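Subject: Structure for your review

Dear colleague,

Please find the structure below, together with its sequence. A summary of the findings follows, and I would be grateful if you could read it alongside the coordinates.

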Amino acid sequence: MDYFGYQQNALFAEDCQVAELAKTHGTPLYIYSKATLERHWHAFNNAVANHPHLICYAVKANSNIAVLNVLARLGSGFDIVSGGELSRVIQAGGDPKKVVFSGVGKTVAEMEQALTVGIYCFNVESAAELEQLNTVAQRLGKVAPVSLRVNPDVDAGTHPYISTGLKENKFGISMEEAETVFARAASLAHLNVKGVDCHIGSQLTEIQPFLDAMDRMLALIDRLAENGINIEHFDVGGGLGVNYDQETPPHPDEYAAALLARLNNRPLTLIFEPGRAIAANAGIFVTQVLYLKENSDKRFAIVDGAMNDLIRPALYSAWQNIIPVQHTDAPTFAYDVVGPVCETGDFIGKNRQLAPQAGDYLAVRSSGAYGFTMASNYNSRPRAAEVMVDKQQHYVIRQRETVQQLWQGEQLLP
Ligand code: LLP
């Protein structure tokens, strides 16, 4: 459930009229709903309310400091994958003690930064990283809290680019090696083994792959306990899907209940790393129709938003709903909604039944996750502005980039 909807044919974000926001702030424009972000976070948190847990929102989904701040105020933790994301969390008022640090390529500088601020846990992804972390912690006179990311080798049944739990993926340590690497971790003086983690992929719409992964991970945790390595927490990763089209992903209640049933009263704290499930449907991307164009067998709506602003359709053939900001009863036709970037792959949607006119605004739903965070300046296009609505109020949470900012840091030869 989200707080975007029509009132008398005009699209609203909470109590703000989307067309007004687009007129005031220009397009392309990202609009987020605070109430939706909060609702989705609570849905997760309440789903596991009676079991020790921590919700660590995956910052990569939407890292605007206002978004992070809204979640930090609810008491959220954060899943980060870089020193930049850690700095954002701190800048946004997030608690570093509720941060888990994932990613296969942490640098020494990032390890130092995270050890200095005192994060909750490093999700270590290889034996080599483990040795490096121990060395860095020793140099700083610290003990690093660690979890090992184990690859459970399950097929998440999602797009290959966002599937991460198979052997062939670069992520995590294989199940065969896991016990050896855990034993090594336990023997190193500057590491404290706290957890086990996995993340099998994103946009999962079935519970079964999560349960398959959990069964394998719990069996590992039991084997580790037999060998004197006691695990405090199990980080199940993120990946719960959302409704873009006809998908029917499980509600967090259903998902958490299934996981808790498998946990079978083991005294493990559960950590969740949801990104998309919290942010995707809390945002829309608004773009204006520049021109209509027709040839013998196609109609195009050329809009001012492009693949540099929202790359999911181009990169994953992702389908996101495109709706008019002002609904009319005019007859609809199949349009390809395309941007100004000089690439054939620059489309927002294909074959969409719409009745656009030049000057109309279109809203691309489910754009709150992996939208702005994946934006680039390709074709020297300044990045879009971001606005957050809170009931009838709205706030610019990121100004539109200026053209001058595009070459900031660049330098002519003498
Ligand atoms: N934890 C880890 C270790 C991850 O790698 C990810 C996402 C998450 C949590 C959050 O997953 P979520 O709950 O959002 O599914 N750009 C792609 C998605 C890439 C996801 C990468 N990892 C897209 O736009 O579909």
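This is a predicted model: local features need pLDDT of at least 70, side-chain atom pairs count only at pLDDT 80 or more; totals for chains, interfaces and linings use all residues.

An α-helix has 3.6 residues a turn, so residues three or four places apart point the same way.

A helix pair comes next. Helix α4 (residues 83-91) and helix α5 (residues 108-117) have axes that come within 9 Å and cross at roughly 25°. Because angles under 35 degrees count as roughly parallel, α4 and α5 are roughly parallel to each other. Their crossing is left-handed. On the α4 side the contact is made by Gly83, Leu86 and Ile90, and on the α5 side by Ala109, Glu110, Gln113, Ala114 and Val117. By class, the residues of this contact comprise five nonpolar, two polar and one charged.

Is Leu220 buried or exposed? A residue with 20 or more other C-beta atoms within 10 Å counts as buried; Leu220 has 21 and is therefore buried. Leaving aside neighbours within four places in sequence, Leu220 is in contact with Val150, Met175, Ala178 and Val196. Val196 is 24 residues from Leu220 along the chain, and their C-alpha atoms are separated by 9.1 Å.

Yours sincerely

Note on methods:
Residues are numbered from 1 along each chain as its sequence is written. Axes are lines fitted to C-alpha atoms, for helices over the stretch in contact, and angles run from 0 to 180 degrees between N-to-C directions. Helices (H or I, at least four residues) and strands (E, at least two) are DSSP runs, numbered from the N terminus. Angles under 35 degrees count as roughly parallel, over 145 as roughly antiparallel, 65 to 115 as roughly perpendicular and the rest as oblique. A crossing is left-handed if the near helix is turned anticlockwise from the far one by less than a right angle, and right-handed if clockwise. Two residues are in contact if their C-beta atoms, placed from the backbone, lie within 7 Å. Ala, Val, Leu, Ile, Met, Phe, Trp, Tyr, Cys and Pro count as nonpolar, Asp, Glu, Lys and Arg as charged, and the others, Gly among them, as polar. A residue is buried if 20 or more other C-beta atoms lie within 10 Å of its own, exposed if 12 or fewer, and partly exposed in between; C-beta atoms are placed from the backbone.
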